[in-house]
Amino acid sequence: MNPKVTRRRFIKGVIFSATAATAGAGIYIANAASSRSAGAVERLVSLTVNGRTRRVDVRPQETLAHTLRYRLNLTGTKLACNRGECGACTVMLDNIANYSCSLLTHQIKGREITTVEGLRLEDGTLHPVQQAFIEELAPQCGFCTPGQVVSAAALLIANPNPTREEARQGLSGNLCRCGAYDHYLNGVMRAAELIS
Amino acid sequence: MTFMHIGKDFVPPDVEGKVTGDAKYAEDFRREGMVFARLLTSPMPSARIASIDASAALRMDGVIGILTADDLPPTLPPANPILASEYVTYVGQPILAIAATSEHIAENALDLIKVEFERRDFVVDPLDSLVEGGPDAYPEGNAMVLTAPEGDENTALVGVIKPVKWPAEEIEKLRRGEEPDGTFTAGWEYGDLEGEFAKCDVVVEESFVTAGTPHQCMEPRTSMVYWENGKCYFHASTQSQSAVNNGLAAMLGILPDDLVIINENTGGGFGSKGTSYPTMGISGNLSRLLNRPVQLRITREEEFYIGIGRPGMQGWIKTGLTAEGKVAAVDLIIISDGGPTGQNSASSSAGHISVLFQPSAMRLRNIPIFTNTTPRGAQRGPGQNEMAAVLAPIMDKAANQLGMDRVAFRRLNAANSDSGIYADQSPVTSAFMAQAIDKGVEMFGWQAKASQPRRRGNKLVGVGVGQGYHGAGGYGYDGLVRIHPSGKIDIHNGVGNLGTYSYAATSRTVAEVLQCSWDSCEIVHARTDKHLPHSSVQGGSNTIFTHSRSNYVAAMDALNKLKEIAAADFGGTVEEYSIGDERVFRTDDSSKGMSYGEAAQRAIELGGHYSGQEYPEDLNPITQRAVTALAGSGLIGAAKDNLERKGTPPGEIIGFMEIEIDADTGKIEVTDYLAVADCGTIMHPQGFSQQMNGGGVWGIGMAAYERHVYDPQNGLPANVGLYQSKLPSMLDVPENMASAAADIPDPFNPMGGRGIGEPSQGCAVAAMTSAIADALEGHLFNRIPVTADMIVNHVADNSYGPRSLKLNTF
Amino acid sequence: MPSHDVMPDMDLFQPLQIEDALALADRLGDSAWVLGGGQDTYGWLKDRAKTAEAMIDLNGIESLRGVRETADGIEIGALTTLTDLADNALIKERYGLLSSAASRVASPQIRNAGTLGGNVSQDVRCWYYRRGLDCYRAGGNLCYADTPEGMNREHAIFGASRCVAVNPSDTGPALVALEASMVINSVDGQRIVQAEDYFVGPANDIENTTALRTGEILTSVRIPNTWANATFYFEKVADRNVWDFALVSMAVAMKMNGATIADSRFVAGAVECKPRRLNDVENAVRGKSRDETTAASIGTLASNGARVLAHNQYKVPMIDNLVKRAIVAG
């Protein structure tokens, strides 16, 4: 945990120092894959997603959100900020909610990944959270919804009978620009009833 | 009226996909051979582009091509160009796009592109530009002097850019809260202003400033485009599958017939995706140039730059009340921050006052000033909601000076069905605000709350009231219905799908008219090649009113045809026929009739107008094309909304809020919130509640959190991300919000409804600013947002305050 | 200037033993980025405002996780997540100040991934610096925030030295209040640094927020019994109740002798580039009772000497107010 690089490269820094300046300082980092250092990770990684294990070719620096969306075509997981500031990309790792934009895929080896697509039963039966969110008309535009669904499912695994305040805390890492918070909370409370 | 469908909850067809992740948005589509485009954007607020050298980037493995302004027709300022050509006028303005086989190659390629800029002066605050000697956002000047009348918020201004300057003393007057004298470029007036002010017992004069705010839709405006057999297939994020067509086709230089817009879901628009927008021209033209499918993923930072924002205002208002509490006169000055595009909502701001306080005389004087900040456009309740925010405490002050209850004051001045609104004092379809207010007073317990002590422990208690308004609907759009020989009923519409579900709620008008099961109906939308009629934007709170009417006329057309067909087979006139159980039959003998499916089969056999070979001439060309494509496949109901009109359908809401302010930390907690709408019949209770509560969240965001932050030294924006934009989280809004409605049908909508999507923010922000002033013993910040630091400074009596009227530096 | 969004090409090393991680950190030096929870990493990298050639991912090293009881208190692995800290029964029971602080960090998902080590080692949030401008902290020769027109609402009122950024950590002030010590390892061995000295201001080191040097890894945090089961107060004032960093925070530990304060540690966050000990306050409340009279007597002791910028004047009354609240709370 030493997130510092003393030889920093502030590549945008040049722009305010001159009346005429050049955008892009011309730093290009060679493709790591073709010049992999000794001891660095292999690209092929084994991932367990929604109960299925598969081998996936993943770049060392790739985020889980990118792998899910662009390699496994699991596009239910949304990218809305890519910076851990909204929650649209929320997935479960071993039943714990995480921002998939802010994890490296290579860190997830051996853990169970559950995306919104993995919550429905094999026979198509909806997860109680999904059912309750439909009944309460929880989503508006829907872009934050997969993240809300996953956060709610993770909350109910840890706490099957939350108070409304606990539900509110549990979903607080998921931003909704439409402001559908009230309806999402109604959905979580109804889902808890459906489960019990 | 008793309805089968209207006023009842249902499951809109797109909800399940949203909760399962199956719902597809523009970035979710893939296509064989798809390449990834990324943008090079301006690092400077204002500069001339001296040269671009992309040669090194284009030599990179995996780089496919580039699009620059040289590939596009020129754009005259202040129109927002697809790509900048000679000048850049804001940080983040797209200069070029580069396409590569992967997004990360495209990003690496961007770093190899050399752009030489010559810096120019820039400005981020309208008053800094308006003052003598101040810098101008464009080489030609800082204001648009119009040569043609101003349209709505989404239309381009026509005029010339010129410098407009005021003496420094006049700017200082404005900052002191006094009436300044200077050049204005727009405005309107009605009544005898001077005479009405002379009648007033109380006159309040205040200056004010409201922050610009980014839309920050959850879904950035990503697109994926490919061309096939001369047609452009465009996966877009828009607020309509109809209203964007002509603009986008023009941007691509093709006929609307050759454009297929695919837009199943849109992750928020709030006014920023109401028409075609420049970014669409990048992916569309690049795809054609490369002859490859192109995905242009827009990042969150880019979405801030190009996703437009609400214009900020610096202004002054003088309002006068008679001894009885009637608002006699309002004089209003608004200097708008139009960013580089000059969009301006001042007329709507003034219109808001004209509706909700019904002044006998009123004047607006306005000048939009260009700044080198992000482009501006319509945002939820454009003009009205930010006006509501600063207006509420000022009107409270006037009412308090008369010793009048703040709610009683609003009720006295409320519009009714005979009221006139706006500059022309034109009519409204109906208005029942007094009834909404009465309902709210009772439900909220206004009297008890308003008379409670203003301290609760170490918290300051504030109770506020505020109103929201937006013109909620339009006329003259088309409806299109097809009954299949199977009996299935297709309801075609091109209204976008932002998650208000009004595209679906209004489609139920058809089921209501045809007295059929909702299960027999299917909404056809989302792709223009599914043959959609001319529809409005899903925006401006207008879908409920506008498309109940258009769906009603199409359904009535289908109903008449059903009866005509039955009468032809079973004799008699259409008046002798009834419907029920999806059959049309003789009223006196129900055995003489046929099912809807059988009638549809007969329509095909009969041809002509029964199955769309002929159609009314007044249909929009978009609808004509759709009907032609469906011709011969069933019974076609197609009509333009020519129902009786009467002025503006008003969407009005009153909000009541109780807050606790922590004087030590400046934190505000909303402890109770109720909004009561005057919006006619509630067509879809869950959808109504969603809009009322969602608008409430937006109101809290506008009152206390959201703003634009620009560094005036360098013109750099600070709030490019969601974290810095301070959109309210779940823990910043109350656990429960309540809503209700007067629920009195509007006589000019066959289903009785009007929209409330926009005023639901206005009433909340106004109730909150009203409550803040109430908690602070009447102190007026005259500014939004009111943030924790401002409250702590006020309580500590720090000199730092809002009197500077500085904009974009909150 | 693109708005970068894609992780740049980098190598990734995933050692399973701390020894291997230390050897890598030594070998790769300042070309490597040591990766914990990564919540203050990926933004920098995606923005390409900072780059590195490789990441050393510590997440495979199990010995860096968890809370252990020691002879003189507890030891917390640096990779322990903030959620685990907030929920840990032992910490809640004895050092509730730290669980309170951990539970107020960012959002639930960030707490699920973010670690204690990362939270105390994160970089400053000054938006000019984060944008990649060539300010002092970035090795340049100016500060964009400390100017008459700088947008510096979130910046420091104390301890500025060319740079006016604050340390954004929520757990940092709690650890200083608890007299924690930081266990730092490298191939050359181990050193223990007091939490109070772990955080550094710009006068001492303008490019780093901590005493960590290239090649070093923070492996654990030790909290002595000194303040176990003391009376605690934690408050974080932020714009929004989720995600946002503190405008001002206050971490307080008090040992009570009957109704009077026998000893205390008052530490403010987000007012300086390190957690700020309020020694004058601690001295003034010693032997006093926790009441309004004591609170009033403190006056402006906490804010004395503050140097305000154009937009952060509110931090002066806010820090004084939080001190008073801490005294009378409960």
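The centres of domain 1 and domain 2 of chain B, taken over C-alpha atoms, are separated by 37 Å. These values come from a predicted model, in which local features need pLDDT of at least 70, side-chain atom pairs count only at pLDDT 80 or more, and totals for chains, interfaces and linings use all residues. Residues are numbered from 1 along each chain as its sequence is written, while chains are lettered from A and ligands numbered from 1 in the order in which they are written.

The domain assignment of chain B gives domain 1 (17–120 + 218–306), domain 2 (389–472 + 647–804) and domain 3 (476–640); such bounds come from an automatic or database domain assignment. Five residues from domain 1 of chain B and six residues from domain 2 of chain B make up the contact between these two domains, where two residues are in contact if their C-beta atoms, placed from the backbone, lie within 7 Å. The side of domain 1 of chain B that touches domain 2 of chain B has three nonpolar, no polar and two charged residues. In this classification Ala, Val, Leu, Ile, Met, Phe, Trp, Tyr, Cys and Pro count as nonpolar, Asp, Glu, Lys and Arg as charged, and the others, Gly among them, as polar.

Between the chains, 56 residues of chain B are in contact with 49 residues of chain A. On the side of chain B that touches chain A, at least two residues each are supplied by α1 (15–20), α3 (103–110), β6 (114–119), α19 (685–704) and α20 (722–725) of chain B. Here helices (H or I, at least four residues) and strands (E, at least two) are DSSP runs, numbered from the N terminus. The most is given by α19(B), with eight residues. By class, this side of chain B has 24 nonpolar, 21 polar and eleven charged residues.

The secondary structure of chain A comprises five helices and five strands, which follow the pattern β-β-α-β-β-β-α-α-α-α along the sequence. Of the 196 residues of chain A, 60% count as buried; a residue is buried if 20 or more other C-beta atoms lie within 10 Å of its own, exposed if 12 or fewer, and partly exposed in between, with C-beta atoms placed from the backbone.

An open sheet of five strands in chain A has the order β2-β1-β5-β3-β4, with mixed pairing; two strands pair if DSSP finds at least two bridges between them. Because β2 (52–57) and β4 (96–99) of chain A stand at the edges, each with a single partner strand, one side of each is left without a neighbour in the sheet. Neighbouring strands of this sheet are turned by 40° against each other on average, direction ignored. Strand β1 (residues 44–49) of chain A runs antiparallel to β2(A) and is joined to it by six bridges, with A:Leu47 opposite A:Arg54 in β2(A). Helix α3 (residues 145–158) of chain A lies across β3 (90–93) and β4 of chain A, at about 30° to β3(A). For such angles, axes are lines fitted to C-alpha atoms, for helices over the stretch in contact, and angles run from 0 to 180 degrees between N-to-C directions.

In chain B, helix α21 (residues 759–775) has 17 residues and reaches 24 Å from its first C-alpha to its last, close to the 24 Å expected at 1.5 Å a residue. The expected span is 1.5 Å times one less than the number of residues in the helix. Of the 17 residues of α21(B), 17 are buried. Helix α8 (residues 278–290) of chain B has 13 residues that should span 18 Å, and its end C-alpha atoms are 19 Å apart, which agrees. Ten of the 13 residues of α8(B) are buried, including B:Pro278, B:Met280 and B:Leu286.

Several backbone features deserve mention. Most residues other than glycine have a negative phi, and most peptide bonds are trans. A:Asn95, although not a glycine, has a positive phi of about 70°; A:Asn95 is found in the loop between β3 and β4 of chain A and is exposed, with 12 other C-beta atoms within 10 Å. B:Asn229 likewise has a positive phi, of about 50°, and counts as exposed with 5 C-beta neighbours inside 10 Å. The peptide bond from B:Pro77 to B:Pro78 is cis, with omega near 10°, and the bond from B:Ile784 to B:Pro785 is cis, with omega near 0°.
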